[in-house]
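Subject: Structure handover

Hi,

Here is the structure you were waiting for. My notes on it follow below.

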Amino acid sequence: MSRTVTLILLDAAGRPLGALPSFDVPEPWWQEVASIVAEVRRRHGLEVAVLRLLDADRPAPPGGHVRYVGQTADAPAVPLERVAVDLAPHPLRQSWARAGGPARSVGWATGELRRLGRRVTAVAQQRTWNLSAIWRLDTDAGPAWLKQLPPFARHEPTVLAFPGDPSSLVNGPTVLAADGEGRMLLADVPGQDRYGAGEGERAAIAAGHHVVQWRACGVVGELVAAGVPDLRGTGLADWIRERLAGHDVSAAAGLLDGLDHRLQQVRDCGLPDTLVHGDLHPGNVRGDGRRRTVIDWADSFVGHPAFDILRLTEDVDADAAARLTGAWARRWRTDVPGSDPHRAVDLLRPVAPLRLAAVYAMFLAAIEPGEHPYHVHDVPAALARAAATP
């Protein structure tokens, strides 16, 4: 599956210029823009920054014909099509999706790298959507990565650098700089994202993550005080209900009605609260054969450790999931004698997709309507999974 792209350009001052002729790019995922930037450079000799999704010919990704708003400081040599689009500002528009936003962010990152004694030799935009904007910056000392986050995810650099030494808590990318407003500069992590990892590699991921979670049990109060979301105990039930207010939750009404009692039963299983990654699938693990690094902590929170093993095992066969969960439970029983990790997992199994439904609802409430197609179908889908999970 590929994607057909129409890029509507703004000039350096943010005034509309028109649309470039449509073209195809190989990646179907709407947020991936590196190939868009490269193809415009190849076809037209223009340097562009993609600001945001405008609309698409299908209700949700991937693929299809997708229109974006972009910006250039160059004068296009190719004739542009005049198009009528609403370019009015929106109060929920992320700063990197506004005219001049990418230039300001790259300027900040370049300045931080200069302060660190590194000279930037090339900049390549990688991704832009409502959850993040990402650029690769090549330097004379190797690559660095600029990641910019929305307000609901701005605790990620806090987690990565907590409490000042990245190696002291999580095995994640090194934070080179952060501005407290959503921008962070990360050191390069060698290797490949481990999509498609088999059972053996997932077992190694789970074992390494247990060390992090056990270590984090002793600092949950400090993590919450530093701004990491607090989803401990029955407080998770209130958090879920608040974010799902206004959505049709009838599919999972029974689960929601009994959620406080279920979470109290989970607490009675005796496992401590800890740092939860929130999206621990192999694609968020990067490895090079020597080292394995867990990336993308933007969904992290303080809560029950079982949420991460449930995510790590949700797309493997039942026998493999049972073995991985069994090993996870043995580690926790060793560390917390008398606890019942297996019962905690079983109780939280339907709560995991219910929490995801609330996460998606949070995204929708915090982003402009033009970006809703990324997530609008995720809420009912997650609710349906929660209702169908025994």
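Glu 156 counts as buried because its relative accessibility is 2% (buried means under 20% relative accessible area, exposed over 50%, partly exposed in between, with a 1.4 Å probe and protein chains only). Glu 156 lies in helix H3, residues 156–161. Helices (H or I, at least four residues) and strands (E, at least two) are DSSP runs, numbered from the N terminus. Not counting residues up to four places away in sequence, Glu 156 touches Lys 147, Leu 149, Met 184, Asp 296, Trp 297 and Ala 298 (contact means heavy atoms within 4.5 Å).

Before you read on: this is a predicted model, where local features need pLDDT of at least 70, side-chain atom pairs count only at pLDDT 80 or more, and totals for chains, interfaces and linings use all residues. Residues are numbered from 1 along each chain as its sequence is written, and side-chain values use heavy atoms, with hydrogens and water left out.

Asp 296, one of the contacts of Glu 156, has its own entry. Asp 296 is not a glycine, yet its phi is positive, about 60°. Most residues other than glycine have a negative phi, and most peptide bonds are trans. Asp 296 sits in the loop between strand E14 (292–294) and strand E15 (301–303). At 25% relative accessibility, Asp 296 counts as partly exposed.

Now the backbone at the prolines. The peptide bond from Pro 61 to Pro 62 is cis, with omega near 5°. Pro 62 is in the loop between strand E4 (48–56) and strand E5 (64–72).

Next, the rings. There are 6 aromatic pairs (rings of Phe, Tyr and Trp, its six-membered ring, with centres within 6.5 Å; planes under 30 degrees apart count as stacked, over 60 as edge-to-face and the rest as tilted). Tyr 360 and Phe 363 form an edge-to-face pair, 6.1 Å centre to centre with 70° between the planes. Tyr 360 and Phe 363 are separated by about one helical turn, because they are 3 residues apart in helix H12. Both Tyr 360 and Phe 363 are buried. Elsewhere, Trp 30, Trp 129 and Tyr 374 form one aromatic cluster.

One charge sits with a ring too. Arg 355 lies over the face of Phe 307, at 5.7 Å from the ring centre (the rule: NZ of Lys or CZ of Arg within 6 Å of the ring centre and within 35 degrees of the ring normal).

Send me any questions.

Best wishes
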